[in-house]
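This briefing concerns the interface between two chains and one residue located there. Please view the sequence and structure below before reading on.

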Number of protein chains: 2
Amino acid sequence: MTPTRIKLDRGRGALGPALELVHTGRAPTRAVLTTELGVTRATAGAVATELQALGLITVDPRPHAASGAQGRPSHRLDIAADGPVVLAAQVHADGYRVALVGLGGRIVATAPACMTVDADPARIIGDAVAAGAELLRTTGRRCLGAGLAVPSAVAEPEGTALNPLHVAWPAGAPVHDIFRDCLTEAGVGVPGRCGNDVNLAALAEHRHGAGQGSHHLLCVATGHRGVGGALVLDGRLHTGSAGLALEVGHLIVDPAGRACHCGARGCLDVETDPLALLETAGVTPDPARSPLDQARALLAGDHPEAAAVTEAVAQLVDRLGQGLAAMVNVLNPDRIILGGLHQSLLAAAPDRLRSVVADRSLWGRSGSVPILPCSLGHNSLVGAAELAWQPVLDDPATALSAP
Amino acid sequence: MTPTRIKLDRGRGALGPALELVHTGRAPTRAVLTTELGVTRATAGAVATELQALGLITVDPRPHAASGAQGRPSHRLDIAADGPVVLAAQVHADGYRVALVGLGGRIVATAPACMTVDADPARIIGDAVAAGAELLRTTGRRCLGAGLAVPSAVAEPEGTALNPLHVAWPAGAPVHDIFRDCLTEAGVGVPGRCGNDVNLAALAEHRHGAGQGSHHLLCVATGHRGVGGALVLDGRLHTGSAGLALEVGHLIVDPAGRACHCGARGCLDVETDPLALLETAGVTPDPARSPLDQARALLAGDHPEAAAVTEAVAQLVDRLGQGLAAMVNVLNPDRIILGGLHQSLLAAAPDRLRSVVADRSLWGRSGSVPILPCSLGHNSLVGAAELAWQPVLDDPATALSAP
DNA sequence: TCACTTTGTGCAGCCGTGAAACAAATCCGG
DNA sequence: CCGGATTTGTTTCACGGCTGCACAAAGTGA
């Protein structure tokens, strides 16, 4: 009995970083893989061969376009079109959304978005997972993991959803356990992980969107109600010691502002959300429509009193700028990405917002941080997929051999 | 010509982590080194031998006290008493302070603290370095690096001191270059690095003081004027993308508060510094004495109107708690350490401070973060030494062979 | 067509670690 | 006092992951 094990020893340690480079689109060829990883061509070649053997990427021997450079053209590395996927789900106030997502953040298949409001987290998560399992059956793709985005802070390491303002859930819902149980029940035998939607959106934007290349990315977004923040440090989500970091909704941005349920006055949360825009512009909210939609309609010019809207926008932008400046002073990010209504406010008055942030932050230099809008559709969903991909990116060989 | 190189190959990769464990006092014996590093006894033994060969540690073959446990007693690992040192300097409003610091944060030699105020950063840093060079001459110790703590944010990567409020320097002083030039001039042929004093104090507390074991350590301190903050993430100082993070002095903690030079009202900076305490207690500051000393005298009971002092303390504690709560919501630390006047305020009204932070932070859980006083003397100085030790901790072999 | 440049691959070898066997030092129970 | 039991330190061997080098391959440009 010979102890002959197959010797695929070349480039196992660099496998994870290499896959991450391909995943984030920073390694189109073996040549750049060599320089980006800081290894020799031999190792990079072995890594590419290994990733190919695992079915994660394909190598296209045709020249990588006409690069115009001298020398032998490099082969293109592509994400395998029929490679494995992960199950990504997002739960929000109006229902849920499910998709299968491949490497590179590519949405491979989507179930029709479901619109319901359910006070029972187990039921809505169960429905979402069932829809995802159905997608897996019809497409026949191999599934390596599952991720869930919820509109609430998720406490680590217990995985309970704290203060889910935007859904009718009880506080402290054990979403992580529920998600895992639903996966088991639906016959999807993969581990599941949960995260806050804004956190996951930031992660997605960092890897595939407007945050690419940033080392200290701050992301702030308003959804239907409430403000969420996220910080991506050197490619990793910073969730604090217990998953509760970047709860920026209660920074005080207007000493004389509205009363907030937290007890203070003028919190970012109540000063820069859709309802605040409607109120300030003198519009009575229509309870039948989502405040975010109504606010966006206002910004799109759908209002007789344009002057009132302009003034309201100016006020919200000032408040938002004040809050962003506080975060800039504390976190010193190199880029800020805004989502939800904040993204619309940025579009409506970009110069004003940037100058407020610059004036209010301590050092001119850190105040000149670029402020950009989100660039991905469904970024929370893609972020949930990132959560599921993470174990594979950390150690592709074992993640693919395990099940 | 035989290519016989000496084969001291065992345990080179784990050398840095091992030294860090010894440095922070977490590896008293080879046995715990084995478990802490997660390597085999063979590797741990080789690492210890290598560190000994480098002259950084000594092995005491006598039993490590009477541990009471069964089995063969482990040998003690000690930091070499005559090992190399680094030059640490601290510049503050009243002058400078210099010391030679060994591994483990042990101050090996100190020059008498110098009390001068000089508007020229080159002169005072030059004096400090010269005093340090003299210490090196008299003690004859080998010097591996130099660190400087300044009372101002230090922009990375240029190394300029921004807004040095507490010394009479011009803004934008290139402290890093000045420090390097002074070292060269004084004949100390080692690289020098600069950092903010509160940042470095936090680093020192994390490695040798009240912050040991923390993964998300927040440190806030008031010196003579102004508030500084620092964050130590997983043992590494988080200075943001440009070295300007944790500039927490201008968080708004009292909407109706004092006007601040930054343009806003009620900034943490002006609401919780020594002058604020004196003013609130109705004491006219004596320009001949430092405000911090006067404030501390007040807290020590040196005042006829005790009730006024108690009330002033309560007010400052409330403001401080508000500011800390904002930081807790943004950063979610697992421990908070207070220095300077804030440390004294904590001592004067610990329960009140803790309850304000808990009430004001969003989730009760993150609000229950422990708040502790600094536990090291001269923590900025020791922190400056940590800065100088860092290259050695990262790669002991090359750091010691280079010069 | 012949340099020249850049990319991919095969081969030897080294460096750092783990596994296992062995030796050493102490406690414990007789 | 002596022989396990237990834990620690050392020695030896093997092996995985990488580098360095030589060479082949595939383009560009005079």
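How much area is buried between chain B and chain A, and what percentage of it do carbon and sulfur atoms give? In this predicted model, the area buried between the two chains is about 3200 Å², and carbon and sulfur atoms contribute 62% of that area.

**Interface between chain B and chain A**

- Polar contacts join 16 residue pairs across the interface of chain B and chain A, counting pairs with both residues at pLDDT 80 or more.
- On the side of chain B that touches chain A, the elements giving two or more residues are β8 (153-155), α10 (306-331) and α13 (364-367) of chain B.
- The greatest contribution to that side of chain B comes from α10(B), with five residues.
- Sorted by class, the side of chain B that touches chain A comprises 19 nonpolar, 13 polar and six charged residues.
- Zero salt bridges are found by the rule across the interface of chain B and chain A.
- In terms of contacts, 38 residues of chain B meet 38 residues of chain A.

**Residue B:L251**

- B:L251 lies in the loop between β13 (236-237) and α7 (268-271) of chain B.
- B:L251 counts as buried because its relative accessibility is 7%, and buried means under 20%.
- The C-alpha atoms of B:L251 and B:L324 are 9.6 Å apart in space, while the two residues are 73 residues apart in sequence.

Note on methods: Residues are numbered from 1 along each chain as its sequence is written. Chains are lettered from A and ligands numbered from 1 in the order in which they are written. This is a predicted model: local features need pLDDT of at least 70, side-chain atom pairs count only at pLDDT 80 or more; totals for chains, interfaces and linings use all residues. Side-chain values use heavy atoms; hydrogens and water are left out. Contact means heavy atoms within 4.5 Å. Buried area is the accessible area (1.4 Å probe) that two parts lose on being put together, summed over both. A salt bridge is a side-chain nitrogen of Lys or Arg within 4 Å of a carboxyl oxygen of Asp or Glu. A polar contact is a pair of N or O atoms within 3.5 Å; within protein, one must be able to donate a hydrogen and the other to accept it, and residues adjacent in sequence count only if both atoms are side-chain atoms. Helices (H or I, at least four residues) and strands (E, at least two) are DSSP runs, numbered from the N terminus. Ala, Val, Leu, Ile, Met, Phe, Trp, Tyr, Cys and Pro count as nonpolar, Asp, Glu, Lys and Arg as charged, and the others, Gly among them, as polar. Buried means under 20% relative accessible area, exposed over 50%, partly exposed in between (1.4 Å probe, protein chains only).
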